[in-house]
Amino acid sequence: MNQNNNNNIEKNADADVEEIVANSTFDELEFSEVKEYIAKKCLTSKGRELILSALPITSSNARFFFDNARIGDGETMLQNENSGLLWLNNELAEIDEMVVLLTSDKNLPIENIDDVREILQRSRVDGTLLSAAEIVAIYDVIRVAMGIKSFLRRKLDKYPLLSNEVLALYDSPQLQKRISDTIDDSGEIKDTATKALQHIRQEILTASNRLRSRMHKIVRQFSDNEYTQDDFYTVRDGRFVLPIKAEHKRHLGGIIHGASQTGSTVYLEPSEVIEMNNEISLLKSEEQNEIYNILKALTKEIAMDAIQLIESYGIIGHIDAIHSKATYALSFGGIKPEILDSNEVFMSKVYHPILVQRLGKKNVVPLSISFNTSKRGHLISGPNAGGKTVALKSIGLNIILATSGFFPIGEVKTCPLRVYSAIGDHQSIENNLSTFSSQLLNMKRILDIADHNSLVLIDEICSGTDPREGSALAAGILDTFIELHLFFVVTTHQSSLKTYALNPRKNEDGSDSNVIQNGSFEFDEVALKPTYNFLSGIPGNSYAFFLARNVGLARNVLSRAKKYLGGRTKQLERSIAMLGKYKHQSEEMLKEANAEKLKYEGMKRDYENRKKEFVDKKKQMLDEAKLQANEILQKANALVENTIRQIKEEKRKVSEVKSEFDKTQKEVADAATKIKLRQAAETSNIQVAEELNTDDSVGMLDNSEIGRVLEADNDAKTALVAFNGMKFRLPYSQLFLKEQSHRKPARNASPLNLSANTKLDLRGFRVEEAINATTNFLAAAVMQNVDFVTIIHGKGTGAMRQCVHQVLRDTSGIKSWRLGEIYEGGSGATIAYLK
């Protein structure tokens, strides 16, 4: 029994410590400030409560999520160790749906409604009478609930989680109609609420009109006698009265209902209207009784549905919270986090949420960092005000947001973690705590409760004491963190800890492991200010001497101070500086290489696309030619068969049949010739003769000889051509251009020649040889219709390059040229572009 009691006491003590450390962490990371910012966007009290009460999921608060969360189908989640994780994934998925809704759909019909939970609970108590204003507030909840349900029910396929949640909203159209028929928008009971009320109010109106008419007459009568202060009447305590001068109050009959503050005026109810006032008073009493009965009946109806209405208000509040979270994510670029089963964390380009709220995202530098079983800790060093503390808060706050059901500002993949921090100065004179002792107390509490599911963040670890002892104590604490297999980020200025992080540690299998990685923030040594760019794997200098010199500290002081730096310290600081410089250079080179890679990949895709177009076009032309050839063959066969049949049957004269046969045979032959010409043009890159000029070089189909055009008739489409001294007059249909002497086709008139030679290497050539080779190469390139060529001339003295450039100047078909890029041969090559 005593053992059980002791165990319970220890568990309660651990729970108390965990609550103290967790609350301290939330305060240090300013978690509440982010929640308050998001809560301001809520339209309901319940939504604000859900935002402000949000906590990161852990096994210790799983019961909280079991009690307070619902999943998509409206069923309360099963109580087990995974209930918090189920709630979290569902919450993040609903926020994601809401983000899509807000960006691509109409606005959700949610409004600012009053908190009706207490009103609804009170309605269930016997004898309770709700006011008209309270009933109107309940009506608003019903109206908004039905509007949200109707809106999302029509979009079940697009927003399944949100739609399924609102299915649990209570439908009460009868109660809604009953309230709307009874109370108007201003909270007044309508005349038509009941027939009895309508009748009473009609009688009140009639009696009031009679009374007003009588009072008008009395006012005129008393005014003529100068008894009244003013020419009007008024109402006091629900009765019509006249303002009479005090000195005449005994001259008139009636009842006095008070006097003005100065006493110069009394309010007199004339005797002749007392009965009329009494009648109206009785009617108003009847009206109030009827209103009481109406409100009593409505209260009873509401009480019957109170539980369902309270649940509906809770669902509306949750939808409101989801709406606010999605609005926050859209405002600052929040990204849906991925909750992992494995023990690891990946954060890419995450921003400090509060800095983004205050400064805008473009004015905040993001951070990328990761943790896994082989890289559990980061030791961040660097100058003061360089970004170390902000980095700790960015890491911790974004993970807390992700595991509390919010979108972090950046990409986050994480397993559920307990985040504990020791940031800031917690010294206390009252509790006799220095900065160092308060940090030790905080770390002692963290070590008591932390495990492999923890992330620990410590700023300036053990910095408030003797540096040697502080470093040793810090190393011991880090060793313990490693032994506990938790994740941690620690900042420091101590050089010994930088070397501590560089020492490899042994895994269980005996292999080396660097579970702690150095890190730092870049410092601009020229401008003497931090850039806030995180450098993973590189320790940072504190730049104390740089900063001291920058603020104007005397040079002799700095010189004396440097004498006290140990040799190893100086060497370490120089090594760190060089390491940072080399890392920066390698990153720049990597960026350039990636840019070139993207450029060449684009060129490769362009080439492959153009090649595919060429192959497809060629196939299409061949297929068309085959079809046409088949048609010609069928037509020829039909001609022969028809001619034979006509001759046999002797229906027509042989001369007529022969003439028609010759004509049709010529048409078939011409069509076949055209097909052959197209095929020849396609395979030999020749141009079918459509228009010829004198001295054009032409070829004849099925003949390898090349002739020269002596005469050309472009109207009749015939030409006189000389082949080896013999003249022939031939139709254009049998000719094709072999080469063009006087004109060059438009560059878009010919397809891309993929087999053309586009590179000339002149290395080893003499100048005269190079000029001839370059001239012939460019002429061939112009004829082959290429876009650009590469001429390799080498670097040397530059004489060959000048020679090539002169040839380019003298060639009319050249549009422009430039020296090559590094990957093209640099200044040893020239790239020429053709017109």
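At roughly what angle do the axes of helix 7 and helix 9 cross? Hi everyone, let's find out together. This is a predicted model, where local features need pLDDT of at least 70, side-chain atom pairs count only at pLDDT 80 or more, and totals for chains, interfaces and linings use all residues. Residues are numbered from 1 along each chain as its sequence is written, and side-chain values use heavy atoms, leaving out hydrogens and water.

The axes of helix 7 (residues 132-153) and helix 9 (residues 173-182) come within 10 Å and cross at roughly 135°. Axes here are lines fitted to C-alpha atoms, for helices over the stretch in contact, with angles from 0 to 180 degrees between N-to-C directions. Helices (H or I, at least four residues) and strands (E, at least two) are DSSP runs, numbered from the N terminus. The two helices are therefore oblique to each other; angles under 35 degrees count as roughly parallel, over 145 as roughly antiparallel, 65 to 115 as roughly perpendicular, and the rest as oblique. Contact, meaning heavy atoms within 4.5 Å, involves Ile135, Tyr139, Ile142, Arg143 and Met146 of helix 7, and Pro173, Leu175, Gln176, Ile179 and Ser180 of helix 9.

Strand 25 runs antiparallel to strand 26 (residues 829-834), and five bridges join them. Trp817, for instance, has Ala832 in strand 26 as its bridge partner.

Methods: Two strands pair if DSSP finds at least two bridges between them.
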